[in-house]
Amino acid sequence: PKLTHAEAIINRFSVIIFVFQLVLVVIFGIIGNVWKADTGEEAWYLAYANNESWYSPLIIPLRFLLLNSTMIPISLKVTLDL
């Protein structure tokens, strides 16, 4: 299928934004896990469990992935297709 110049630019920017989003998730995930190990476990109001499971280090990065998931709006692609 042929792509217009505008679609090619939008696709390129979407890839750049997606990679930027993944970089942010990795950086903030590492920072969040380091903070949790240093300071977060001492905070009684956060109520972290003493026995952590194997997926525990993945929880904070996945939270940041959910928070950053609105960087590429679906409406951008839908509007472009119309």
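I take a residue as buried when its relative accessible area is under 20%, as exposed when over 50%, and as partly exposed in between, using a 1.4 Å probe and protein chains only. With that definition I looked up W54, which is exposed because its relative accessible area is 71%.

**Entry 1: ground rules**

I note that this is a predicted model, in which local features need pLDDT of at least 70 and side-chain atom pairs count only at pLDDT 80 or more, while totals for chains, interfaces and linings use all residues. I number residues from 1 along each chain as its sequence is written, and side-chain values use heavy atoms, with hydrogens and water left out.

**Entry 2: the whole protein**

I looked up the secondary structure and found three helices and zero strands. Helices (H or I, at least four residues) and strands (E, at least two) are DSSP runs, numbered from the N terminus. Along the sequence, I read the pattern as α-α-α.

I then looked up the radius of gyration, which is taken over C-alpha atoms. The protein has 18 Å, whereas a compact globule of 82 residues would have a value near 12 Å. The globule rule is 2.2 Å times the number of residues to the power 0.38. Along the principal axes, the C-alpha atoms fill a box of roughly 55 × 20 × 20 Å.

I recorded that 18% of the 82 residues are buried. The protein exposes about 6800 Å², and carbon and sulfur atoms supply 71% of this area. Accessible areas come from the Shrake-Rupley method with a 1.4 Å probe, and for residues only the protein chains shown count as cover.

**Entry 3: Q21**

I located Q21 in helix α1, which covers residues 5–38. Is Q21 buried or exposed? Q21 is buried, because its relative accessible area is 6%.

Which residues does Q21 touch, not counting those up to four places away in sequence? I found L65, N68, S69 and M71. With N68 there is also a polar pair: a polar atom of the Q21 side chain lies 3.3 Å from the backbone oxygen of N68. A polar contact is a pair of N or O atoms within 3.5 Å; within protein, one must be able to donate a hydrogen and the other to accept it, and residues adjacent in sequence count only if both atoms are side-chain atoms.

I looked up helix α2 (residues 56–67) and found S56, I60 and P61 buried. The buried residues of α2 pack against α1.

N33 is placed in helix α1. I class N33 as partly exposed, because its relative accessibility is 24%. Leaving aside neighbours within four places in sequence, N33 is in contact with P57, I60 and P61. I also noted that N33 and L46 are 13 residues apart along the chain, with their C-alpha atoms separated by 14 Å.

I class V15 as exposed, because its relative accessible area is 52%.

Where does W54 lie? I found W54 in the loop between α1 and α2. W54 and I9 are 45 residues apart in sequence and 41 Å apart in space, C-alpha to C-alpha.

Note on methods: Contact = heavy atoms within 4.5 Å.
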